[in-house]
Amino acid sequence: DEIVYGEIYGHGIQTHYSDGLPLHTQALVCFDAQRNGHYLDHDEAMAFFAERGLPSAPVLYRGPFRRELLDQYAKGPSVLSPDQPIREGIIIKPLHERPCYLGRTILKYINDEYSLRENSEFH
């Protein structure tokens with residue numbers, strides 16, 4: 001009873017983005033996992049991916065939430081492919097799973113340069 005959550009990226013996935021992969025090539029990065037109906041804490045999920053040989057999304061920052069750091073980590077070139085000039089954004093989640101009034105505590109912070117570019121996907 002295990003579920004893996006990830007994102008496929010590469011040629012043909014996002015308009016004008018190849019993330020540095022060859023033509024007609026896609027790849028996967030994993031960012032979450034569940035076991036027996038419960039999301040794994042961050043370190044457990046990283047171990048889960050490593051044990052199964054699954055690629056995981058890069059971790060850009062680990063520490064207390066600080067709003068002033070959002071743009072610092074959300075902007076700049078893609079981490080997966082530095083030749084891609086605009087990063088889509090970042091995922092923010094706690095090291096230890098905890099509920100909030102909306103469900104899980106997890107956020108996606110979109111780089112405004114990404115969302116305002118011509119032919120941007122709607123988020």
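Is F48 buried or exposed? F48 has 2% relative accessibility, so F48 counts as buried (under 20% relative accessible area; exposed is over 50%, partly exposed in between, with a 1.4 Å probe and protein chains only).

This is a predicted model, in which local features need pLDDT of at least 70, side-chain atom pairs count only at pLDDT 80 or more, and totals for chains, interfaces and linings use all residues. Residues are numbered from 1 along each chain as its sequence is written, and side-chain values use heavy atoms, leaving out hydrogens and water.

**View 1. The whole protein chain has 3 helices and 7 strands.** Helices (H or I, at least four residues) and strands (E, at least two) are DSSP runs, numbered from the N terminus. Their order is β-β-β-α-α-β-β-β-β-α. The C-alpha atoms fill a box of roughly 40 × 35 × 25 Å along the principal axes. Of the 123 residues, 24% count as buried.

**View 2. F48 and F49 form an aromatic pair.** The structure holds 3 aromatic pairs (Phe, Tyr or Trp rings, the six-membered one for Trp, with centres within 6.5 Å; planes under 30 degrees apart are stacked, over 60 edge-to-face, the rest tilted). The ring centres of F48 and F49 lie 6.0 Å apart, with planes at 75°, so this pair is edge-to-face. F49 is buried too, at a relative accessible area of 1%.

**View 3. Y61 and Y73 form a tilted pair.** Their rings are 5.4 Å centre to centre, with 40° between the planes. Y61 lies in the loop between α1 (42-51) and α2 (70-74), and Y73 in helix α2, so the pair ties together parts 12 residues apart in sequence. Y61 counts as partly exposed, at 32% relative accessibility.
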